[in-house]
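Hi,

Here is the structure I said I would pass on. Have a look at it first, and my notes follow below.

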Amino acid sequence: MYIPKYYKENDIQEIKSFMLKHQFVTIITNDGVKPIATHVPINIHEKNRALYITGHCAKNNDQWRLLKQSSNVLIIFQGPHAYISSTWYEKEDVPTWNYQSIHVYGNSRLLSESELIEDLTYLLNKYEGHRDNGATWDNMSGNTRKQINGIIGFEIEIKEIQAAYKLSQTRNDKDKNNIISKLKESGDHLDVAIAKIMNRE
């Protein structure tokens with residue numbers, strides 16, 4: 001990913017925090033002819049100072065075959081984004097777009113059935129554990145659990161991280177404050193989200 005130096009994020013703790021907040025990702029591999037992409041929820045784990053991504057996809061999704069043992073799998077974490085009008089600047093310039101995006105590259109392998117159950121248990125507890133009688137693995141019937149036969153689990157060890165935070169860093173304070181104000185005024189949830197990030201709210 002091309003990242004101008006002004007927009008490159010290097011703080012690994014900030015990067016980890018962003019990834020943990022945006023765990024619905026796009027996974028991209030190449031079958032030798034064209035790129036293949038899948039959009040999936042994932043888990044993030046840290047083991048022995050290394051970061052790992054785990055998840056699953058449908059068995060009918062041929063991409064799992066490319067995840068059996070691949071290097072340089074691309075995973076994209078996308079945050080909020082917003083159009084920035086140049087009419088919000090003090091001096092004439094071109095419009096642009098503000099956004100946060102992280103690309104990670106890593107090596108993949110498939111999970112065993114026991115590893116997949118462990119990962120599903122973790123995922124379901126994360127999103128259902130706080131609910132009364134939530135749809136956790138332990139609360140599911142044996143018949144529902146059998147649907148595990150229709151999915152394939154994977155793990156990706158992260159080897160490289162590229163983080164771009166384009167948040168009007170090159171604008172002066174007056175421009176930045178005006179951009180934040182205009183984004184908040186729009187009422188669009190993505191505009192407001194970017195404004196809050198720019199304003200460190």
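Two strands are taken as paired here if DSSP finds at least two bridges between them. With that in mind, and remembering that this is a predicted model, strand S3 (residues 50-58) and strand S6 (residues 151-166) are joined by seven bridges in the antiparallel sense. One of the residues involved is isoleucine 53, whose bridge partner in S6 is isoleucine 156.

That pair belongs to a closed barrel of six strands, in the order S1-S2-S3-S6-S5-S4, with antiparallel pairing. From one strand to the next, the twist averages 45 degrees. Helix H1 (residues 12-21) packs on this sheet, where it touches strand S2 (35-47), S3, strand S4 (69-84), strand S5 (96-110) and S6. The direction of H1 makes about 130 degrees with that of S6.

Another helix to look at is H6 (residues 189-198), which lies across S4 and S5 and runs at about 95 degrees to S4.

H6 also meets helix H5 (residues 173-186): their axes come within 7 Å and cross at roughly 150 degrees. Angles over 145 degrees count as roughly antiparallel, so that is how H5 and H6 are arranged relative to each other. Their crossing is left-handed. On the H5 side the contact is made by Lys176, Ile179, Ile180, Leu183, Lys184 and Ser186, and on the H6 side by Asp191, Val192, Ile194, Ala195 and Met198. Sorted by class, the contact of H5 with H6 has seven nonpolar, one polar and three charged residues.

Best wishes

Note on methods
Residues numbered from 1 in each chain as written. Predicted model: local features only at pLDDT ≥ 70, side-chain atom pairs only at ≥ 80, totals over all residues. Heavy atoms only, no water. Helix = DSSP H or I, 4+ residues; strand = E, 2+ residues; numbered from the N terminus. Axes fitted to C-alpha atoms, helices over the stretch in contact; angles between N-to-C directions. Contact = heavy atoms within 4.5 Å. Parallel < 35°, antiparallel > 145°, perpendicular 65-115°, else oblique. Left-handed = near helix turned anticlockwise from the far one by under 90°. Nonpolar A, V, L, I, M, F, W, Y, C, P; charged D, E, K, R; others polar.
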